[in-house]
2 protein chains.
Amino acid sequence: MNDKKLFGTMAFIGIGLIGSSLARVVRREGLADRIVVCARRDETLQTAMDLGLADQVTKDPAEAAKDADIVLICTPIGTNGAIAQAIAPVLKPGQIVTDVGSVKQAVIEAVSPHMPEGVHFVPGHPLAGTESTGPENGFDTLFEGRWCVLTPPEGTDQAAVEKVAELWRRAGSQVDVIDPAHHDWVLAITSHLPTLIAFNIVNTVADLEESTQQEVIKYSATGFRDFTRIAAQDPIMWRDVYLNNSEAVLEMLQRFSEDLSRLQRAIRWGEGDVLEDIFRRSRDIRRGIIDAGQADPPEPVDPG
Amino acid sequence: MNDKKLFGTMAFIGIGLIGSSLARVVRREGLADRIVVCARRDETLQTAMDLGLADQVTKDPAEAAKDADIVLICTPIGTNGAIAQAIAPVLKPGQIVTDVGSVKQAVIEAVSPHMPEGVHFVPGHPLAGTESTGPENGFDTLFEGRWCVLTPPEGTDQAAVEKVAELWRRAGSQVDVIDPAHHDWVLAITSHLPTLIAFNIVNTVADLEESTQQEVIKYSATGFRDFTRIAAQDPIMWRDVYLNNSEAVLEMLQRFSEDLSRLQRAIRWGEGDVLEDIFRRSRDIRRGIIDAGQADPPEPVDPG
């Protein structure tokens with residue numbers, strides 16, 4: 001008997017960057033006997049087979065889910081409700097369903113109503129990613145040293161939560177269990193708003209005249225380059241994030257815009273002391289992050 | 001005779017991250033016989049001596065400048081006019097004066113009127129930097145593979161421009177000569193606006209309630225972390241950038257805000273197709289940057 005094993009059969013609905021990275025961990029660590037992969041496109045299923053990540057492939061989510069000990073929904077969150085509905089008829093008591101979506105309240109609202117009695121839905125969100133998409137770009141160290149946040153609704157089976165937590169710990173993550181609404185609020189500011197701003201500034205550049213654009217690109221080994229990297233991520237995934245966490249994002253966006261107006265005014269009226277105070281303050285936050293152990297060592301940034 | 005040598009005596013007015021990094025290159029490559037360093041604080045001068053970057057130190061810019069073949073002004077740009085005024089009485093025909101400021105029109109307006117006939121002022125801007133400040137944080141590879149932009153006003157002595165260009169090439173940079181107004185416009189979007197936005201979002205977080213802030217910091221190994229890194233830079237240097245490039249920055253900020261309002265509206269009204277179109281467009285810009293050879297290989301970014 002393999003004492004590393006956590007599950008008999010695992011079903012991955014969606015096998016993109018996140019799903020395929022986790023599947024690589026499952027293979028490396030021997031966490032399951034069998035992996036069934038479900039995706040919409042033949043090409044994706046073929047890639048999953050070629051990479052050795054799937055023992056069985058299917059385009060039917062219910063087919064994938066029916067004999068799985070755990071079903072991992074790893075698709076853009078806008079699809080989660082339909083997937084839950086599709087797999088509901090085949091789910092049996094004791095099965096675990098989890099997901100990896102960047103918004104948790106909306107996913108819970110979309111998925112929970114479809115879950116039969118005795119099926120354990122454990123919403124999850126690994127705080128990891130790259131600008132790349134697709135199964136071929138996953139890698140088995142993606143989750144190492146990162147947080148994975150679980151947001152089980154009240155009354156969720158503790159053993160099921162612990163099993164999902166253990167899966168992520170085997171992938172190298174630290175696991176936190178927090179309230180779904182709080183997750184969505186915190187992620188709105190740490191992730192959803194920064195990414196929206198990155199998408200936005202890159203688009204502002206796209207509207208500049210061609211000749212200026214060329215030089216912007218040429219000299220972009222600066223602050224702007226960091227933004228383009230963030231803004232190169234999957235458009236569908238991010239569309240779904242904003243549509244499904246709109247309340248928290250709009251609130252943060254409002255605060256951001258008010259603060260930006262203050263800076264704009266200070267620049268217009270030459271208020272150097274206001275600018276300096278605001279800039280100094282941001283250093284304290286940075287120090288907090290370094291103290292929390294989340295920062296990398298200094299590396300080249302914006303040259304001014 | 002040392003055929004690597006470009007100058008007899010070099011004077012550095014200001015010896016922070018940029019100045020000390022260039023001085024390290026000068027030492028390593030043997031580009032000058034002698035380096036004189038001027039700074040306001042005893043501690044900075046002592047550090048420059050301890051690092052072996054100075055043959056002579058002084059707090060008087062004129063004392064530093066008087067026998068130098070080239071004077072490098074490496075201070076926040078708000079000080080450049082006063083420095084030019086201070087060194088003007090001792091400058092002699094044939095001497096070169098250059099700077100490293102992130103804004104070029106304002107520096108030219110502040111410095112040029114003080115330059116005596118026959119003194120060659122060659123404004124420059126190395127597109128390199130880190131979040132660290134001070135002479136102890138410089139390093140001799142800072143400029144390798146980066147651009148250095150020179151913006152000599154019309155009529156500037158070509159031999160002097162070439163000499164400054166050669167200095168930066170020896171530091172490993174590629175040199176471009178462009179119009180100062182165009183420089184300020186392009187830098188407003190590649191560097192000044194992204195940094196302003198980074199400062200702003202970090203301050204928006206600073207206003208959140210303490211408990212949320214802690215979690216923001218805890219989970220900030222995401223898009224937000226990139227912003228804190230950018231926003232950890234020198235407040236004085238950046239204050240001076242915004243005060244001195246206000247017109248271009250305000251124009252870009254206006255465009256950015258208009259574009260952000262469009263995104264805000266699309267989120268509020270659930271216009272997924274608008275979001276998706278905008279996000280897709282930003283990928284093209286990213287591809288342009290990769291084609292221009294300015295992008296790093298994919299690395300972990302925002303997890304959503």
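How many residues of domain 1 of chain A are in contact with domain 2 of chain A? In this predicted model, 14 residues of domain 1 touch 16 residues of domain 2, where contact means that the C-beta atoms of two residues, placed from the backbone, lie within 7 Å. Domain 1 covers 7–178 and domain 2 covers 182–291, with bounds that come from an automatic or database domain assignment. Their centres, taken over C-alpha atoms, sit 31 Å apart.

Before going further, a word on conventions: residues are numbered from 1 along each chain as its sequence is written, while chains are lettered from A and ligands numbered from 1 in the order in which they are written. Local features need pLDDT of at least 70 and side-chain atom pairs count only at pLDDT 80 or more, whereas totals for chains, interfaces and linings use all residues of this predicted model.

Chain A holds 12 helices and nine strands; these are DSSP runs numbered from the N terminus, with helices (H or I) of at least four residues and strands (E) of at least two. The C-alpha trace of chain A spans about 70 × 40 × 35 Å along its principal axes. Among the contacts in chain A with a separation of 6 or more, 76% join residues 24 or more positions apart.

Now for the partner chain. On chain A, 93 residues are in contact with 93 residues of chain B. Helices 7 (180–206), 8 (210–218), 9 (223–230), 10 (235–244), 11 (246–268) and 12 (272–291) of chain A each supply at least two residues of the side that touches chain B. Helix 7 of chain A gives the largest share, 19 residues. By class, that side of chain A has 51 nonpolar, 24 polar and 18 charged residues (nonpolar: Ala, Val, Leu, Ile, Met, Phe, Trp, Tyr, Cys and Pro; charged: Asp, Glu, Lys and Arg; polar: the others, Gly among them).

A rotation of 180 degrees, with 0.0 Å of shift along its axis, superposes chain A on chain B with an RMSD of 0.0 Å, using least squares on the C-alpha atoms of residues with pLDDT of at least 70 in both. That is the relation of a two-fold axis. The copies meet through the same surface, because 100% of the interface residues of chain A are also interface residues in chain B.

As for confidence, pLDDT (the predictor's confidence in each residue, from 0 to 100) averages 92 over chain A, and 93% of the residues score at least 70. For the complex, the predictor gives an ipTM of 0.89 and a pTM of 0.88.
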